[in-house]
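Let's take a walk through this one from the inside out. Have a look at the fold first, then read on.

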Amino acid sequence: MLNMNRAVLIYDGECPLCQGIMRLAKSRARPGELEFLPFQAPQRTVRYPDLSEEACRQAMQLVLPDGRVLAGNEALPETLRRLRGWHWLAPAFNLPGAGLLARHLYRWIARNRYALSHAVAGK
């Protein structure tokens, strides 16, 4: 049964880096706050038909309980708010320049996530 009060974090389920980050996030998620869904899962297209595969390939998507969708770096503070021990970092995204830095850093990581996965794994 789906919990309609939780946010759904849609991520690249084929990316080793993304998988590792999601494992960490799952271990820290506050009960009932987050659901994790790879964008490749068939239920993603059924549940979120307006959310394109291309958008999901470019950035993680956070679908909030009210239906709003936050993508990439915009999803980070809201995701952090839902994690035990990490929620205190969310306000840092409001600091001057933090949004711009987060946007550029997130885009770079997202574009290079497979190469970074191999570098981290030592392959």
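For what follows, two residues touch when they have heavy atoms within 4.5 Å of each other. Keep in mind that this is a predicted model.

Leaving aside residues up to four places away in sequence, Leu62 touches Ala7, Val8 and Leu9, then Leu34, then Arg68, Val69 and Leu70, and finally Ala75, Glu78 and Thr79. Leu62 also belongs to the largest nonpolar core, which has 21 residues; along with Leu9, Leu34, Phe36 and Leu83, it touches the most other members. Which elements give two or more residues to this core? They are the strands β1 (7-11) and β2 (34-38), plus the helices α1 (16-28), α4 (75-81) and α5 (98-111). Apart from this core lies another, made of nine residues, including Ile10, Ala41, Leu51 and Cys56. As a rule, nonpolar side chains in soluble globular proteins tend to be buried together.

Last, the cysteines. Cys15 is buried, at 0% relative accessible area, and Cys18 counts as buried too, at 14%. As for disulfides, the structure holds zero.

How values were computed. Residues are numbered from 1 along each chain as its sequence is written. This is a predicted model: local features need pLDDT of at least 70, side-chain atom pairs count only at pLDDT 80 or more; totals for chains, interfaces and linings use all residues. Side-chain values use heavy atoms; hydrogens and water are left out. A nonpolar core is a set of buried Ala, Val, Leu, Ile, Met, Phe, Trp, Tyr and Cys residues joined through side-chain atoms within 4.5 Å. Buried means under 20% relative accessible area, exposed over 50%, partly exposed in between (1.4 Å probe, protein chains only). Helices (H or I, at least four residues) and strands (E, at least two) are DSSP runs, numbered from the N terminus. A disulfide is a pair of cysteine sulfur atoms within 2.5 Å.
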